[in-house]
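Here is a short report on one chain. Please have the sequence and the 3D view open as you read.

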Amino acid sequence: MDEAVDESRANACQSTISVSNVPHFEAPLEIGNLKLSGRLLLAPMAGYTDTAFRQIAKQFGAAMVVTEMVSARALLEANPKTYQLLSFTELERPIGVQLFGGDPEVMGEASKKVMDQIHPDVLDVNFGCPVGKILKCDAGASVLKEPQRAGKIVKAMIQATQNQVPVTVKTRAGFDKFDNAVFEVLQSVQEAGASALTIHARTRNQMFEGQANWDIIAKLKQQSRIPIIGNGDVQSAQNAYRLFQETHCDGIMIGRGSMGNPWIFKEINEYLEKGVCQFEISKKFQLNVALSHLKSAVQIKGMPMGLMEMRKHLTHYLRGFQGARELRQSILTSMDLHWIIQTLEQFIEKMPDHQFEETLC
Ligand SMILES: Cc1cc2nc3c(=O)[nH]c(=O)nc-3n(C[C@H](O)[C@H](O)[C@H](O)COP(=O)(O)O)c2cc1C
């Protein structure tokens, strides 16, 4: 590890906060009638947050997870791939199923089908996806151009499912600029009966560029009667604390900060609960998490799919230690699962133990 990184980590771990400064952190987050065990949620990330990853995030303290987004229309057409994306285990509860679609009727019917067949704890609507082909079907962030439609969709979902579970929404801070659209979306979904709103604090046009604008989260929180979950650029316990502190948001959703780093939930929870960052986790332990993630992904998805899909996770896990580059180069180009597991096990075996060694729960 280079000296600069070493130093910033040491500084980070010395910082102490007063827990009472964190708004409402002691009380659990309530989404409708659902009481969560904490205030940190794993963000839905298509291609990443599958059942294997969600289980790991839960083990490290994510209070709720959400499936990758699925098309409401594909659900109604009973597309088997769509159903695969929605499969989850009891370990992952409470879990939200995220749907995308632009037609209130289709969203209502799909929600009913999900409730009848899959029984999640929350139904979430994707009003934030910036991708062209999603916008073309009037879904994702396109609702920011027509905020009233957001409420119509939420209303149709609540009616179709007879209020069985909370309906929540996830959106962005604007379409092409920071204007009033997101506040109109909030008002429209609030009136329709939505139970929470997650805000990824970038506009649709920003995609994932630039810094998330947390001021928008603070302003939404001021105007909202429902919980506001802040999202965008949370990568450490310290900036999670800053997001709570600066915006008074009710919860935080973490996406990219959890890639190859699912223990971030434990780090943040400890920091916010104890007021000091004592949690440190050895590289050896991190690689053991990567190994068990790999085994679980292959067990669930089989070969070669499980291994292929793990490569992007392994790229994130295999960083920041001596020999990481060589290990990545050999492991990420092989299709021999037995050899990969053996190579990782041998590498881990040779790594020095660490005073903060833990076992995976
Ligand atoms: C690879 C990838 C896939 C994503 N897929 C989804 C998705 O299916 N549904 C959704 O609402 N947001 C999706 N997002 C957006 C994230 O949930 C989150 O809002 C965004 O990454 C900002 O949070 P972060 O800075 O913590 O990553 C995705 C993001 C990434 C990087």
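**Basis.** This is a predicted model; local features need pLDDT of at least 70, side-chain atom pairs count only at pLDDT 80 or more, and totals for chains, interfaces and linings use all residues. Residues are numbered from 1 along each chain as its sequence is written.

**Whole chain.** The chain has 15 helices and 11 strands. Helices (H or I, at least four residues) and strands (E, at least two) are DSSP runs, numbered from the N terminus. The C-alpha trace spans about 60 × 50 × 35 Å along its principal axes. The radius of gyration is 21 Å, which agrees with the value near 21 Å for a compact globule of 361 residues. That radius is taken over C-alpha atoms, and the globule rule is 2.2 Å times the number of residues to the power 0.38. Of the 361 residues, 45% are buried. Buried means 20 or more other C-beta atoms within 10 Å of the residue's own, with C-beta atoms placed from the backbone.

**Domains.** Domain 1 covers 17–274 and domain 2 covers 283–350. These bounds come from an automatic or database domain assignment. Seven residues from domain 1 and nine residues from domain 2 make the contact. Two residues are in contact if their C-beta atoms, placed from the backbone, lie within 7 Å. The domain centres, taken over C-alpha atoms, are 29 Å apart.

**Strand 11.** Strand 11 covers residues 251–254. Gly-251 and Met-253 point one way, Ile-252 and Ile-254 the other, and all are buried. In a regular strand the side chains alternate between the two faces of the sheet.

From strand 10 the chain crosses through helix 10 (residues 237–247) to strand 11, in a right-handed β-α-β crossover. Right-handed means that, with the strands pointing away from the viewer, the path from the first strand over the helix to the second runs clockwise.

**Arg-202.** Where is Arg-202 found? It is in strand 9 (residues 196–203). Arg-202 is buried because 24 other C-beta atoms lie within 10 Å. Leaving aside neighbours within four places in sequence, its contacts include Arg-172, Gly-210 and Gly-232.

Key: A residue is buried if 20 or more other C-beta atoms lie within 10 Å of its own, exposed if 12 or fewer, and partly exposed in between; C-beta atoms are placed from the backbone.
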